[in-house]
Structure formats: C-alpha cells, structure tokens
Amino acid sequence: MYQVTAAQLGEHIREHWGVEAPHHLRDVTLREDASKIRTGNAPRTRASLRNTALALAELAG
C-alpha cells in the first residue's frame, strides 16, 4: 500500500492537469473529438492549425 503526503498528491494533480488542460481546450473548445477527418494528411494538418490557433490565442492573452 502506498502512502503519499498532501504535497505529493498536490504535485501529482498539478502535473496531471498540466498535461490535460491543452487536451481539454482542444476537445471542448475546438471540438476535436467530434471531427470526422480521419484519412491522409488531413488529421495532422488540422491538428497543426488547431495548435497554431491556440498558441496565437495564448499570445494575445
């Protein structure tokens, strides 16, 4: 059985959400999960455009 301190648990949660937050933005805001684009280069191109849009939005504040 593992035992962790409150500080260790908090760190784990922050690390998880640090990874999950961009996925949440892409899934919810940009509806990435609803995309029907599945073949060829289109999925990678579309992901690149989404990433660019998110980066520009972050830079703009």
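## A salt-bridge network

Arg26, Glu32 and Arg50 are joined in a network of salt bridges, a salt bridge being a side-chain nitrogen of Lys or Arg within 4 Å of a carboxyl oxygen of Asp or Glu. This is a predicted model, in which local features need pLDDT of at least 70 and side-chain atom pairs count only at pLDDT 80 or more, while totals for chains, interfaces and linings use all residues. Residues are numbered from 1 along each chain as its sequence is written, and side-chain values use heavy atoms, with hydrogens and water left out.

Let's take the network link by link. Glutamate 32 meets arginine 26 through their side chains, at 2.7 Å from N to O. Both glutamate 32 and arginine 26 are buried, where buried means under 20% relative accessible area, exposed over 50%, and partly exposed in between (1.4 Å probe, protein chains only). Glutamate 32 also forms a salt bridge with arginine 50, and here the closest N and O atoms are 3.2 Å apart. This pair links distant parts of the chain, since arginine 50 sits in helix H2 and glutamate 32 in the loop between H1 and H2, 18 residues apart.

Is arginine 50 buried or exposed? Arginine 50 counts as buried because its relative accessibility is 9%. Its helix, H2, covers residues 42-60; helices (H or I, at least four residues) and strands (E, at least two) are DSSP runs, numbered from the N terminus. Leaving aside residues up to four places away in sequence, arginine 50 touches Leu30, Glu32 and Ser35, contact meaning heavy atoms within 4.5 Å.

H1 has 24 residues, and its first and last C-alpha atoms are 32 Å apart, close to the 34 Å expected at 1.5 Å a residue; the expected span is 1.5 Å times one less than the number of residues. At glutamate 20, H1 bends by about 35°, and proline 22 follows within four residues. The bend is the angle between axes fitted to the seven residues ending at a residue and the seven starting there. Just after H1, arginine 31 takes a positive phi of about 50°.

Leucine 9 is found in H1, which spans residues 6-29, and counts as partly exposed at 44% relative accessibility. Together with Val4, Ile13 and Trp17, Leu9 makes a nonpolar surface patch of about 410 Å². Patches are made of residues with over 30% relative accessible area and no salt bridge, with like charges joined within 9 Å and nonpolar side chains (Val, Leu, Ile, Met, Phe, Trp, Tyr) within 5 Å. Accessible areas come from the Shrake-Rupley method with a 1.4 Å probe, and for residues only the protein chains shown count as cover.

## Aspartate 33 in the loop

Aspartate 33 lies in the loop between H1 and H2 and is exposed, with a relative accessible area of 58%. Not counting residues up to four places away in sequence, aspartate 33 touches Asp27 and Arg38. Its C-alpha atom is separated by 15 Å from that of leucine 49, 16 residues apart along the chain.
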